[in-house]
Amino acid sequence: MTTKVDLLSLLPTELEEYFVSIGEPKFRAKQVFTRLHKGERIGEITNLSKALREKLVAETLDTLPTVEEKLVSKIDGTVKYLFRLHDGACIESVFMRYKHGNTLCISSQVGCRMGCKFCASTIGGRVRDLTPAELVGQVIAAQKDISVSDPSARIGGIVMMGIGEPLDNYEQVVRFLRMLGEEGGVHIGMRHISLSTCGLVPGIYRLMEEQIPLTLSISLHAPNDEIRSQSMPVNKRWPIEELLSACRDYIKATGRRISFEYAMIDGVNDTPEAARELIRLLKGLPAHMNLRELISLFAVWLESEIYFLSAAIILFWGFCSK
């Protein structure tokens, strides 16, 4: 049985090779890339002949996510999407409006195997990685939906902080990041991208070598190994000092600040001593510190999974470097 081609996962040069391989001119690649990244499906691309559209529908995959459900905040217009993928799996994305622009938080895997105790994404473990098409497809599908009610609204930033660990899906994520900058696509600059990791040290070093000028975010959540290991199994493999060493090397090699995420858990890591220890730990690092208080421990049932909500209460910009 012939394997179908996932056109939305291909970069423009790869699309050119594909069209040449089926006897079509190279310029078809630009036509298809642009239209797919606007949210059109192969059968809707009317500047292709009917015969070619039918051939492509038969030989390629339709991997654009579809909106299964969406929740809209009455407070600030934030939109939470439940996307269904072509194989029936579901993931989440969140569209957020800010004065400085609109940002989409996307998922990188179906489920997660990192085992962080404060995160519901890991309850069912990792099911599979997302493809580049499913990564960029979240941006395309959300933009298409938002544009219906607000044609002027544009997604200008992406945070990879949804379901899954991005560096555990390294190859696909990097391909997706390269795709974002392509002309004719969603075209979001790397300085408007934030990638969050729980601390996969080898992945941080690999990302460092890519020289992609995004913002690296580290889910720290504790000032020492004893506390961190209780809720984040990854810390037993790569403890804090090893993680911070990688962060220092990353900053030195890329010239980019790192953002540290810290969810304050009542009676666990939110004491005055923990704060002092955290300052000592990160002192001298050019970094942003994002402190979040877990104010909600109520559950929202969605597709038989529990998602715990948290809210950001304070943001210290560069306090660690002072």
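Modeller: What follows looks at one helix, then at the core and the cysteines.

This is a predicted model, where local features need pLDDT of at least 70, side-chain atom pairs count only at pLDDT 80 or more, and totals for chains, interfaces and linings use all residues. Residues are numbered from 1 along each chain as its sequence is written, and side-chain values use heavy atoms, with hydrogens and water left out.

Start with helix α4, residues 132-149. Helices are DSSP runs of H or I, at least four residues, numbered from the N terminus. The expected span is 1.5 Å times one less than the number of residues. Still, α4 has a kink of about 25°, centred on Q138. The bend at a residue is the angle between axes fitted to the seven residues ending there and the seven starting there.

Buried means under 20% relative accessible area, exposed over 50%, partly exposed in between (1.4 Å probe, protein chains only). In α4, 14 of the 18 residues are buried, so the rest of the structure largely encloses this helix.

Now the core. A nonpolar core is a set of buried Ala, Val, Leu, Ile, Met, Phe, Trp, Tyr and Cys residues joined through side-chain atoms within 4.5 Å. The largest one has 89 residues, and L177 and F260 have the most contacts inside it. Its largest share, 8 residues, comes from α4.

Last, the cysteines. A disulfide is a pair of cysteine sulfur atoms within 2.5 Å. The count is 0. The closest cysteine sulfur to that of C105 is in C119, 11 Å away, too far for a bond.

Terms used:
Helices (H or I, at least four residues) and strands (E, at least two) are DSSP runs, numbered from the N terminus.
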